[in-house]
Amino acid sequence: MPFETFTRLVDQIPTMTELQLQGLGEPMMHPRFFDMVEYAAARGVEISTNSNLTLLTPARAERLVASGLHRLQVSIDGATPETYERIRVRSNWQKVVGNLNGLVAAKRRLGSELPRVSIVFVVMRQNLDELARLVRLAGQIGVTSVWVQHLCHDFGEDTLPAHYRPMHEFVAEQTLLSEDPARVDEAFGAARSAAAELGVDLRLPHTTTRPAPPGTRGPERCEWPWRGAYFSYDGQAMPCCMVATPDRINFGNAATDGVIPIWEGSAYQAFRDRLDSDDPPDICRSCAVYNRTF
């Protein structure tokens, strides 16, 4: 997203309190990422982002601490180089862990509580047994929060685009929804014990389908279209981050047509009306959030 487009969107939402700078890919690849953070932080907005920290350097770590970023979720899906680098092709576990240590050190050196750092661990069959070890690694580094996410996607097989089929197959193979519950309970129990010992805030997901009660609809299922706008790099408005790309669904371009006209427009409202009915939009029917399969 061009910096000028970003500032134009931000300036149109004077009541904004939270901003998530995230899309498909690594945020720090954007040449003006830090300018974006500083621009929004100067308006009192709480900004968060996700990163794999591969591109972090000592200089960038110091700027990140000084930028006003409120929260940073660091993606680490393995507690050993072998597992992490198998899941994240062409990655370097040692470099990521080293950069995380450097970031924590920069916060201490500059006397800053921000950004609040959490490790995000996407749990799956192949890394489940490393969860407790990952919690201990977090405690050793000085990260006091570990968020564990269930591996899921929002595509039903009947509507699956061909280029997403490998992802669908990977999820089907690795999801814990079909794993032995005893193995899951043992791994989660070990992680809880490690977190209690080290004072780490551990957030674990449900690993069984928890469907909403009959008749549940609207914001009780998913509040995204009511509480926050989601824009693509060129300003196209989508209902939520689960959509991923605007070719699947969008409500128009807020960069050219304005944030408020899009937010209050007929397309957005029609989507909300259907989500708040017994006949939700097709894109929601197979969504893991809507169906609570996490």
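**Strands and helices in a predicted model**

Okay, let's start with a strand pair: S2 (residues 46-51) and S3 (residues 71-75) run parallel, joined by four bridges. To count as a pair, two strands need at least two bridges found by DSSP. Strands here are DSSP runs of E with at least two residues, and helices are runs of H or I with at least four, both numbered from the N terminus.

Residues are numbered from 1 along each chain as its sequence is written, and side-chain values use heavy atoms, without hydrogens and water.

Back to S3. Four of its five residues are buried, so the strand is largely enclosed by the rest of the structure. Buried means under 20% relative accessible area, with a 1.4 Å probe and protein chains only.

Now helix H1, residues 3-11. Which of its residues are buried? Phe3, Thr5, Phe6, Thr7, Leu9 and Val10. Their cover includes strands S1 (18-21) and S7 (230-231), plus helices H2 (33-41), H10 (254-257) and H11 (259-263).

Last, H2 meets another helix, H3 (residues 58-66): their axes come within 10 Å and cross at roughly 15°. That makes them roughly parallel, a label for angles under 35 degrees. Axes are lines fitted to C-alpha atoms over the stretch in contact, with angles from 0 to 180 degrees between N-to-C directions. In contact (heavy atoms within 4.5 Å) are Phe33, Phe34, Asp35 and Glu38 of H2 with Arg60, Arg63 and Leu64 of H3.

Notes:
Predicted model: local features only at pLDDT ≥ 70, side-chain atom pairs only at ≥ 80, totals over all residues. Buried < 20%, exposed > 50% of the residue type's maximum accessible area, 1.4 Å probe, protein only. Parallel < 35°, antiparallel > 145°, perpendicular 65-115°, else oblique.
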